[in-house]
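Please find below a note on the structure shown here.

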Amino acid sequence: MNYQDESTKANQSMSLWQFLQNLRYALRLLWQTSPRYTIALILITVLQSPTLALQLWFTKIVIDNIVAADQAQSVQLTVVLWPIGIMVVLYLFTNALQQLALVLNKHLSDRLTERLSDAILQHANRLDTSFFETPHFHNSLQRAQRESSTRPIDILQQLIALCQSIVTLLSLIAILLQYNLLVMGALILAALISFVSQSRLAVWEFMVFNWQIPTVRRLNYFSYLLTSKETANEVRIYGLGEYFRKKHQELLYAQNAEKRQVVHQRALRGLLMGSISTLILGGIVTWFANEALHGTLSIGDLTLLIAVTISCSNAIAETVNGVVSIYQAGLFLHNLEDFFMFEPRLHAPADPKIPPSSLHQGLTLEKVSFIYPGQSNPVLKDITLSIQPGELLAIVGENGVGKTTLLKLLTRLYDPSSGRILMDGIDLKEFDITLLRQKFSVMFQDFVPYMATVEENIGYGDLASLDDKEAIRVAAVRSGADAFIRTLPHGYQTMLGLVFSNGFELSGGQWQMLALARALLRNAPIIILDEPTSALSPSAESKFFQNLRHLLAKGQIGIIISHRFSTVRHADRIVVIEHGRIQEIGRHEDLMALGGFYARMYKVQAADYFASLGNFSDKEMP
Ligand SMILES: Nc1ncnc2c1ncn2[C@@H]1O[C@H](COP(=O)(O)OP(=O)(O)OP(=O)(O)O)[C@@H](O)[C@H]1O
Ligand SMILES: [Mg+2]
């Protein structure tokens with residue numbers, strides 16, 4: 001099976017202009033992270049650069065001085081002591097600089113990684129829910145997270161190394177200049193061939209990385225299926241473990257084979273380039289040796305020139321590597337820039353309104369229709385509805401008719417595709433989004449069981465009340481959770497979930513009661529509960545619904561989505577959604593009298609209920 005995302009296969013090379021842009025972007029990132037460390041690192045590296053040439057030069061002096069002393073038949077140690085002394089000092093100096101550079105490097109890369117990972121999370125947090133429902137977003141996020149945060153520091157390191165090799169190269173050229181420049185020409189030619197071949201490889205490697213991201217995500221998913229607590233039971237019961245493991249292994253083999261192709265190519269090209277430069281070097285050294293044989297060069301000169309030529313060849317190779325690595329790091333950095341290009345789709349106007357603290361007219365939906373991004377069929381069609389302050393509204397309907405979707409529109413997690421939703425007569429789009437969301441307290445159908453303490457699980461409903469133990473306890477009493485919380489080993493302080501140490505696991509219904517308490521904690525003018533009792537026992541459920549009206553504060557709008565018709569009958573109005581439209585609306589009695597979908601479903605459920613009790617009779621139906 002091919003899990004690659006085709007859209008990533010295009011557009012992966014980079015113009016010189018883009019390359020320079022990426023370079024600038026990387027340097028700006030580093031500069032913003034820490035100008036001090038950046039400058040210090042550059043200075044220290046530059047300081048190290050000429051030391052190789054100096055070392056070689058003083059080696060030549062030592063040899064020349066020995067030869068001269070030998071010819072003069074003098075045995076004075078001082079002629080070699082001073083150049084050796086300078087070499088020792090140079091070595092000590094370089095070593096100290098190298099150690100310092102290592103420390104600075106770690107500081108700078110830590111700060112950069114901290115900064116970038118935070119920026120990525122911050123950006124993800126800015127984006128609206130719809131992004132999290134597309135593979136394109138997840139691929140981009142994965143690309144940004146996996147490599148990009150280490151690449152700017154790579155660029156700096158490579159850039160510094162590049163400067164270093166260039167300075168080294170220049171100092172070596174300065175030596176060679178006194179002898180023969182033709183040598184340089186030969187060395188540079190070899191470098192150019194190597195550059196062209198390597199840069200192509202760098203682009204290919206980058207493309208393979210990008211193509212593989214969807215596969216990497218799929219691999220992570222199989223790995224999650226095989227290693228997480230949530231999936232452990234089902235995987236064992238259905239015997240899916242081996243099946244998923246094999247899928248994981250197949251994908252991993254295919255992925256590694258693709259990566260190995262790059263490595264093989266690199267080895268082949270390395271072999272070819274290495275052979276070319278070795279042959280060139282051999283030729284140059286033979287030529288210098290010939291000069292020495294003819295007495296044109298001293299032994300010191302010969303030693304120096306051989307060392308300089310080899311160092312020059314190394315420095316050129318490093319320069320080529322540096323440019324190619326920077327080029328490649330630039331490509332990777334582009335992934336990071338791509339990710340930051342995602343802009344939220346939900347906008348507030350430049351001068352957003354502040355939502356009312358209490359509602360006077362309530363919520364109004366005017367001909368609201370909605371199509372999920374990328375889909376063609378509308379989920380909701382022409383929904384027109386007004387909800388008064390203090391009203392308890394129930395929404396019922398078959399699976400997949402759009403009840404949860406309606407909730408998402410009301411809370412502005414999505415905007416309607418057409419029509420408007422008004423709060424006290426003002427379009428939701430005109431409000432500040434964060435302030436608007438504070439007006440809702442929502443219990444989602446797929447609520448989150450937080451691996452945190454009981455107190456935190458409830459407190460997350462209103463961060464301002466996280467430390468308000470009394471408010472948290474009251475919310476727990478209202479949701480019915482208080483009774484079981486008291487029996488937990490550390491009461492409200494009990495750590496939940498078995499993934500972290502000292503955790504305690506709750507039952508499905510207990511988690512649901514906690515989620516309900518979380519929704520009840522927030523003192524918002526609108527509370528929406530999506531299937532709040534689906535995991536509760538009939539007695540807990542019935543108790544909850546009997547109290548429901550008392551749970552609502554004065555003037556608070558309550559919207560409850562449920563499949564259990566017996567539980568919603570006490571609502572002020574019941575909305576029946578069918579095929580994305582409002583089919584029926586009214587009080588329980590009205591809808592029963594209407595004899596439509598609601599009445600039918602109500603009777604079916606009631607019949608089932610009483611049949612299960614074994615004493616079904618029409619008269620006793622609630
Ligand atoms: N993020 C999404 N992207 C695309 N389609 C979606 C998305 N979420 C839901 N849908 C589709 O929208 C339709 C309505 O889904 P919704 O979750 O609103 O149904 P529901 O009435 O809440 O159902 P249930 O009673 O099962 O909770 C479904 O057909 C579903 O496939
Ligand atoms: Mg739903």
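This is a predicted model: local features need pLDDT of at least 70, side-chain atom pairs count only at pLDDT 80 or more; totals for chains, interfaces and linings use all residues.

1. The assignment divides the protein into domain 1 (18–340), domain 2 (388–415 + 428–439 + 524–622) and domain 3 (449–517). Taken over C-alpha atoms, the centres of domain 1 and domain 3 are separated by 52 Å.

2. Strand β1 (residues 363–370) pairs with two strands, β2 and β4. With β2 (residues 380–387) β1 runs antiparallel, and five bridges join the two; in this pairing, threonine 364 has serine 386 as its bridge partner. With β4 (residues 418–423) the sense is again antiparallel, over five bridges, and serine 369 is partnered by serine 418.

3. An open sheet is formed by six strands in the order β6-β7-β8-β3-β9-β10, with mixed pairing. Its edges are β6 (440–443) and β10 (581–586), each of which pairs on one side only. From one strand to the next, the twist averages 15 degrees.

4. Within this sheet, β3 (residues 392–397) and β8 (residues 557–561) pair in the parallel sense over four bridges. Alanine 394 has isoleucine 560 of β8 as its bridge partner. Helix α11 (residues 403–410) packs on the sheet, where it touches β3, β6, β7 (526–530), β8 and β9. The direction of α11 makes about 155 degrees with that of β7.

5. Which element gives the most to the shell around ligand 1? It is α11, with three residues. The ligand is surrounded by 13 residues, of which the closest are Tyr372, Asn399, Lys403, Thr404 and Thr405. By class, the shell comprises three nonpolar, eight polar and two charged residues.

6. Histidine 570 lies in the loop between α18 (565–568) and β9 (573–578). Is this residue buried, exposed or partly exposed? Histidine 570 has 16 other C-beta atoms within 10 Å; a residue counts as buried at 20 or more and as exposed at 12 or fewer, so histidine 570 is partly exposed.

7. Alanine 394 is the residue whose bridge partner in β8 is isoleucine 560, while histidine 570 belongs to the loop between α18 and β9.

Terms used: Residues are numbered from 1 along each chain as its sequence is written. Chains are lettered from A and ligands numbered from 1 in the order in which they are written. Two strands pair if DSSP finds at least two bridges between them. Axes are lines fitted to C-alpha atoms, for helices over the stretch in contact, and angles run from 0 to 180 degrees between N-to-C directions. Two residues are in contact if their C-beta atoms, placed from the backbone, lie within 7 Å. Domain bounds come from an automatic or database domain assignment. A residue is near a molecule or strand if its C-beta atom, placed from the backbone, lies within 6 Å of it. Ala, Val, Leu, Ile, Met, Phe, Trp, Tyr, Cys and Pro count as nonpolar, Asp, Glu, Lys and Arg as charged, and the others, Gly among them, as polar.
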